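Subject: Two-chain model, handed over

Hello,

Please find the structure below. My notes on it follow.

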Amino acid sequence: MSRTGIIHDRVRVDRVRVLIVEDSQDQRELLRRHFEMAGCDVVAAESAESAIYAYESGNLHLDLAVVDLLLPGMDGWELSGRLQLDRPDCPVVISSVLDQADYPPTGAAMPKPISRANVLAVLSAYVPRWIAP
Amino acid sequence: MRLARLYTRLGFGNPSPLLKQLPTAILFVIAIVVVMIAPGVQVSNQLAVSSSAIAIVVATALAAVLSRKESWRYLSLIVPTIDVLAVAALRYGSGEAISMFGSFVILPLIWFAAEAGRRFIVFGTLGAVVVSFTQFLLGKSVVVYGPEFMRAIFSCIVFGIAAVVINELSRQGRLQVEKVKRFAEQSRLMLAESREHAAELARSDAKVRATEQLFRGLWEAITEQSVIGTDVTGLIDAWNPGAAKMFGLTRKAMVSKRHVDDLHLKTELMDRARELEYPAGATVLNPGFSALVETARLGAADVREWTYLRDDGAHIPVELSVTARLDGMGETIGYLFVAYDMTKAREVARLKDEFVGLISHELRTPLSSILGYLELLRDDDEVPLSDGQLRYLDVAERNAHRLLRLVGDLLFTAQVESGKFHLDERTQPLGPILAASVESARPAAAAAGISLHLDVVDDMVIKADAVRLGQACDNLISNAIKFTPSGGAVTVGLTGPSPTAVITVSDTGMGIAADELDKLFSRFFRATTATRNAVPGVGLGLVITRAIARAHGGDMGVTSEEGVGTVFSMTLPIVEPAIA
């Protein structure tokens with residue numbers, strides 16, 4: 001892990017890449033674990049700014065983004081809008097403790113607390129090229 | 001003036017007998033003196049003259065005595081009687097027919113004739129007769145038609161007529177006096193009445209002033225609510241200190257100058273006008289104001305929230321009650337607007353909602369981590385767990401879920417309180433929602449040994465949020481299961497569609513006491529049957545269930561009998577009746 005808190009995985013084009021933006025370390029690691037168990041490459045960031053930096057600077061292709069709403073700095077609402085502009089082909093899944101009624105309209109929601117089943121459901125629904133390991 | 005006073009002083013208004021006697025007495029004195037010193041006067045009978053003198057003295061003395069007491073005055077006619085006799089004696093004793101004192105009789109005659117009553121004419125004339133006919137009465141021979149006799153008769157006739165005239169004159173005089181007295185009395189009475197009226201007026205006036213001051217004092221004391229009175233067109237005619245404070249405008253600037261609908265947001269007035277469905281272009285001169293007072297105009301008090309607009313552009317949220325002002329005959333003559341500033345209340349409510357929201361979300365965050373990692377622990381393929389460990393994990397997970405549900409309920413009730421919770425309504429059949437709730441409750445029912453039935457008579461289409469409605473049904477069913485002992489039954493029924501859909505959840509459980517039925521839907525309320533039987537729960541379920549029912553345009557009801565069972569019913573408006 002680098003000092004700026006951005007985590008890079010080695011790029012392997014055939015694996016599904018998931019961007020996780022979550023400021024709570026516990027939740028971030030939980031999500032990483034679930035997605036890795038499902039066979040995905042995980043890019044995890046603890047803030048919107050570091051997430052943008054990560055995918056922009058590495059010109060990363062993203063298959064899925066999981067975004068928390070309450071973030072330091074730029075919030076999840078703004079980030080999801082930005083992602084829809086920067087990576088229009090990447091589905092944005094909102095995962096938050098807030099009520100679903102307050103979620104931005106990205107069309108995909110995975111409210112907390114999340115379970116393994118939720119993660120697998122999201123992958124099969126929004127990432128057609130994902131194959132369960 | 002002085003003469004009048006003298007007149008009254010001397011008693012001429014109501015002459016005493018002495019006063020009346022005085023002229024006679026004085027004249028007699030003069031007569032006696034004349035008799036004694038005048039050479040041409042013959043004294044034919046000394047005794048007569050002397051006795052007349054004595055008689056006059058007696059009469060005068062009597063008059064003096066009688067004058068002292070009003071109550072003796074009825075005897076006063078004795079005096080002129082004596083006078084008459086004295087005059088008769090004097091005349092007789094001073095030459096009779098040639099006596100110069102015959103005309104004396106006029107004085108007692110006047111006394112008699114002036115008395116009230118026609119009979120006194122007779123007495124007076126009788127006196128004149130006595131005086132004129134003394135010699136004949138005393139025995140002298142009568143020469144009828146003789147000169148003396150004729151003279152006597154004629155004198156009496158003259159005196160008689162004089163008596164009549166005097167009597168009449170004095171009667172007229174008395175009548176006049178009576179009239180004047182009556183008039184004076186009337187005037188006195190009227191004056192007294194006027195005085196009394198004036199005093200009463202003064203009293204009424206004081207009362208009115210006191211009342212006016214009381215109400216003015218009350219009015220001026222209302223400084224925290226704005227009270228505005230208007231006429232039927234909305235022109236302001238009353239502006240209290242509270243309104244002055246709220247708007248920063250004085251009474252002078254407002255009364256008879258501005259209209260009350262000026263103070264409202266135009267958009268709000270138009271919204272209300274739309275709500276009341278005024279037809280476009282209708283003869284409503286001022287739709288804004290009419291919308292504002294519509295309910296009040298129809299006779300009902302109207303209490304709702306509005307926004308006042310100050311001249312400086314500031315908005316003040318108020319709770320406004322509008323009532324019609326009626327005159328003595330019940331006609332509407334204006335309106336009264338009492339506004340209570342809600343800014344603080346709104347702020348407090350907003351802070352409370354924010355706080356509850358914050359807390360609930362803060363609680364959810366660690367719970368998410370707890371549940372997430374418990375799951376990882378359970379499903380870790382690398383380190384399989386023993387049965388015992390799995391059981392412990394199960395307990396931990398179950399309780400974490402329970403905590404999560406509780407947080408959700410708490411958050412939901414706070415949203416219900418503030419009136420803000422979202423419904424994702426879709427038109428859909430009701431049957432499947434109920435079926436889903438029943439199916440998800442089957443495991444719990446089976447574990448508790450309770451039979452669970454679904455009885456749908458006819459399905460119907462409603463507009464509902466399936467998740468929330470499902471939550472409400474889950475709640476009712478789980479309550480029924482919780483409160484029914486093993487071996488009992490829970491039945492979920494659906495009837496309708498007219499006039500509404502009715503969902504019933506009936507159980508054969510412990511029931512609820514009759515006096516607790518109306519408190520059942522209040523926050524944190526737990527029935528005594530629940531606490532007595534140690535049924536778990538916090539008391540939020542029914543609050544949430546009812547809030548959901550009401551948000552869908554329906555309501556809740558309950559009937560129960562302790563020891564027999566309970567039936568909860570939820571009515572919901574339908575979109576379409578039964579689908580086949």
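Which residue in E12(B) is the bridge partner of Glu561(B)? The partner is Gly565(B). Some conventions come before the rest. This is a predicted model, in which local features need pLDDT of at least 70 and side-chain atom pairs count only at pLDDT 80 or more, while totals for chains, interfaces and linings use all residues. Residues are numbered from 1 along each chain as its sequence is written, and chains are lettered from A and ligands numbered from 1 in the order in which they are written.

The hairpin in chain B

Strand E11 (residues 555-561) and strand E12 (residues 565-572) of chain B run antiparallel and are joined by seven bridges. Strands pair if DSSP finds at least two bridges between them. Three residues lie between E11(B) and E12(B) in this hairpin, and Gly563(B) in the turn has a positive phi of about 85°.

The two chains

Helices (H or I, at least four residues) and strands (E, at least two) are DSSP runs, numbered from the N terminus. Chain A has four helices and five strands, in the order β-α-β-α-β-α-β-β-α along the sequence. Of its 133 residues, 38% are buried, where buried means that 20 or more other C-beta atoms lie within 10 Å of the residue's own, exposed 12 or fewer, and partly exposed in between, with C-beta atoms placed from the backbone. Chain B comes to 18 helices and twelve strands, and 28% of its 580 residues count as buried.

Two residues are in contact if their C-beta atoms, placed from the backbone, lie within 7 Å. Among contacts between residues at least 6 apart in sequence, 60% in chain A join residues at least 24 apart; for chain B that figure is 62%.

The interface

Chain B places 14 residues in contact with 13 residues of chain A. Helix H13 (residues 343-379) of chain B gives the most to the chain B side, with twelve residues. That side divides into five nonpolar, six polar and three charged residues (Ala, Val, Leu, Ile, Met, Phe, Trp, Tyr, Cys and Pro count as nonpolar, Asp, Glu, Lys and Arg as charged, and the others, Gly among them, as polar).

Helix H6 and the cores of chain B

Helix H6 (residues 119-132) of chain B has 14 residues and should span 20 Å at 1.5 Å a residue, which agrees with its end C-alpha atoms being 20 Å apart; the expected span is 1.5 Å times one less than the number of residues. Ten of the 14 residues of H6(B) are buried, among them Phe120(B), Ile121(B) and Phe123(B). The buried residues of H6(B) pack against helices H4 (78-93), H5 (106-113), H7 (134-137) and H8 (147-221) of chain B.

A nonpolar core is a set of buried Ala, Val, Leu, Ile, Met, Phe, Trp, Tyr and Cys residues joined through C-beta atoms within 7 Å. The largest has 42 residues, and those that touch the most other members include Ala86(B), Ala89(B) and Leu109(B). H4(B) gives the most to this core, with ten residues. Apart from it lies another core, of 39 residues, including Val438(B) and Leu542(B).

Leaving aside neighbours within four places in sequence, Ala89(B) is in contact with Ala48(B), Ser51(B), Ser52(B) and Ala55(B). Thr81(B), found in helix H4 of chain B, counts as partly exposed because it has 17 C-beta neighbours inside 10 Å. Thr81(B) and Trp111(B) are 30 residues apart in sequence and 9.7 Å apart in space, C-alpha to C-alpha.

Regards
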